[in-house]
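Please keep the sequence and the structure open beside the text.

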Amino acid sequence: MSKKPLILGIETSCDETAASIITENDQGIPIVLSNIVSSQVDVHKEFGGVVPELAARSHVEKIDLIVQKAINDSGKKIEDIDAVASTAGPGLIVCLSVGLSFGKAFAASLNKPFIAVNHLEGHALSPKINSKLNYPYLLLLISGGHSQFLNVQGLGKYVRLGTTIDDALGEAFDKTAKLLGIDFPGGPQIEILAKKGDPNKYDLPKPIFNKGGCNLSFAGLKTAILKISKNIKTDQEKFNLAASFQRTIEQILYKKTKIAFSEFQNQNKTEEKILVIAGGVAANKNIRSMLTNLCKEENYQSIFPPLELCGDNAAMIAMVGLEKFKLKQFDNLDYPAKPRWQLDAKAAFLKGAGVQL
Ligand code: KG4
Ligand code: ZN
């Protein structure tokens with residue numbers, strides 16, 4: 001039996017330092033042997049958001065230990081690694097440079113191929129880890145840095161159906177939380193507060209609700225919440241605002257996902273209709289159950305990858321590396337970091353579409 005490829009993946013595009021080793025089983029399904037993610041939440045907490053220079057410094061401090069741990073936990077030896085894949089973009093350039101340089105140096109020292117990976121491609125292919133999932137499928141990616149609908153047709157074949165034109169959804173949760181006096185990242189806290197509130201108390205705007213296809217916009221919501229939050233005096237009012245915000249997001253996602261369904265079906269004449277929901281915001285239980293119900297109504301299969309593969313991680317980067325390794329799609333060691341790097345080259349440059357504005 002021929003040796004299965006063993007790929008080291010490295011991810012440092014934002015505030016997670018991550019490394020992973022993956023391989024594939026006899027059926028060709030990608031299998032995770034180790035998946036180490038070190039979050040920097042504590043580093044950025046007091047600033048209410050990610051500070052690029054601090055993030056980069058933290059990556060530099062941790063990257064070798066994280067890679068070492070990923071190799072140790074995999075039970076494999078360094079010399080068994082067949083290729084090294086690093087995220088090259090999109091993301092914060094000072095952060096990307098750390099994992100990219102480390103990956104290139106590692107590959108060169110082992111005399112093994114180097115593969116530059118698009119972080120969004122990692123998210124797009126992450127549901128294929130540990131499972132047999134056929135193309136095409138519709139991906140809704142909702143994280144702190146990105147919000148988009150992608151028609152995933154195959155490796156390297158992506159059509160962006162819609163994207164946020166301003167803030168990413170996780171960013172909208174975090175900014176709302178900040179206005180309510182909650183520490184970064186406040187998304188999960190909003191969900192907890194919302195449970196105690198009345199979701200119909202405040203009528204919040206739904207930007208581009210009736211136009212723009214399945215594109216998204218959340219910046220107007222933040223402005224409305226800023227105004228209301230100034231007059232909030234009691235905890236109950238705070239709970240009501242959190243609940244109203246979350247309900248508004250559900251309504252926006254319900255409508256826009258329905259539009260994405262019809263665009264997806266126009267582009268793919270497939271019997272099997274699949275929606276994959278990835279990114280940190282996919283952890284939100286209300287959003288999960290709303291999307292699960294919508295999928296039932298519309299005859300879609302809904303797939304929520306496990307949370308450790310949903311947020312930023314290096315297994316998804318190694319996964320893309322594995323697919324490219326099999327096709328011998330290697331990159332040179334002078335491959336640049338790309339802060340802007342869209343998956344769908346034909347799509348317009350918009351924030352959340354792989355762009356730092
Ligand atoms: O994909 P992710 O782990 O990382 C990056 O985007 O880097 O997503 C993190 C985002 C944060 O904005 C966080 O507040 C949000 O996901 N998030 C949530 C929930 N859990 C995480 N938003 C709403 N409800 C949640 N339960
Ligand atoms: Zn991400």
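Asn111 is placed in the loop between helix 3 and strand 5 (114–118). The model is a predicted one, and in it the phi angle of Asn111 is near 60°, a positive value in a residue other than glycine. Most residues other than glycine have a negative phi, and most peptide bonds are trans. With a relative accessibility of 69%, Asn111 counts as exposed, because the threshold for that class is over 50%.

Asn130 also has a positive phi, near 65°, and is likewise a residue other than glycine. Asn130 sits in the loop between helix 4 and strand 6, and with a relative accessible area of 45% Asn130 is partly exposed.

Pro136 is found in that loop between helix 4 and strand 6 too, where the peptide bond leading from Tyr135 to Pro136 is cis. Another cis bond runs from Gly89 to Pro90, and Pro90 belongs to the loop between strand 4 (83–89) and helix 3 (93–110). The backbone angles are collected here.

| Position | Angle | Value |
|---|---|---|
| Gly89 to Pro90 | omega | near -15° |
| Tyr135 to Pro136 | omega | near -5° |
| Asn111 | phi | near 60° |
| Asn130 | phi | near 65° |

Five strands form an open sheet in the order 8-7-6-9-10, and their pairing is mixed. Strand 8 (157–163) and strand 10 (301–303) stand at the edges with a single partner strand each, so one side of each has no neighbour in the sheet. On average, and with direction ignored, neighbouring strands of this sheet are turned by 25° against each other.

Strand 6 (residues 137–142) is mostly covered, with six of its six residues buried. In a regular strand the side chains alternate between the two faces of the sheet.

On one flank, strand 6 runs antiparallel to strand 7 (residues 147–154), to which six bridges join it. Strand 9 in turn pairs with strand 10 in the parallel sense over three bridges, and Val276 has Ile303 of strand 10 as its bridge partner.

**The zinc site**

Which protein atoms are the donors of the zinc ion (ligand 2)? They are His119 (NE2), His123 (NE2) and Asp312 (OD), which lie 2.1 to 2.2 Å from the ion. The spacing of these donor residues in sequence is H-x3-H-x188-D. Distant parts of the chain are linked by the pair of His123, in helix 4 (residues 119–125), and Asp312, in the loop between helix 10 (307–310) and helix 11 (315–326), the two being 189 residues apart. His123 is buried, its relative accessible area being 0%.

In soluble globular proteins, nonpolar side chains tend to be buried together. The largest nonpolar core in this model has 78 residues, of which Leu204, Phe245 and Ile249 touch the most other members. Helix 8 (residues 235–267) gives the most to this core, namely eleven residues, and the core draws at least three residues from each of domain 1 and domain 2. If residues up to four places away in sequence are left out of the count, Phe245 touches Ala172, Phe173, Thr176, Ile190, Leu204, Leu221 and Ile225. Another core lies apart from the largest one and has 23 residues, among them Ile71, Val98, Ala107 and Leu110.

**The two domains**

The chain is divided into domain 1, made up of residues 7–130 + 308–339, and domain 2, covering 137–304. Taken over C-alpha atoms, the centres of domain 1 and domain 2 are separated by 27 Å. Between them, 22 residues of domain 1 are in contact with 20 residues of domain 2.

Definitions and conventions. Residues are numbered from 1 along each chain as its sequence is written. Chains are lettered from A and ligands numbered from 1 in the order in which they are written. This is a predicted model: local features need pLDDT of at least 70, side-chain atom pairs count only at pLDDT 80 or more; totals for chains, interfaces and linings use all residues. Side-chain values use heavy atoms; hydrogens and water are left out. Buried means under 20% relative accessible area, exposed over 50%, partly exposed in between (1.4 Å probe, protein chains only). Helices (H or I, at least four residues) and strands (E, at least two) are DSSP runs, numbered from the N terminus. Two strands pair if DSSP finds at least two bridges between them. Donors are N, O and S atoms within 2.8 Å of the metal (3.2 Å for Na, K and Ca); water is not among the atoms, so sites may look incomplete. A nonpolar core is a set of buried Ala, Val, Leu, Ile, Met, Phe, Trp, Tyr and Cys residues joined through side-chain atoms within 4.5 Å. Domain bounds come from an automatic or database domain assignment. Contact means heavy atoms within 4.5 Å. Axes are lines fitted to C-alpha atoms, for helices over the stretch in contact, and angles run from 0 to 180 degrees between N-to-C directions.
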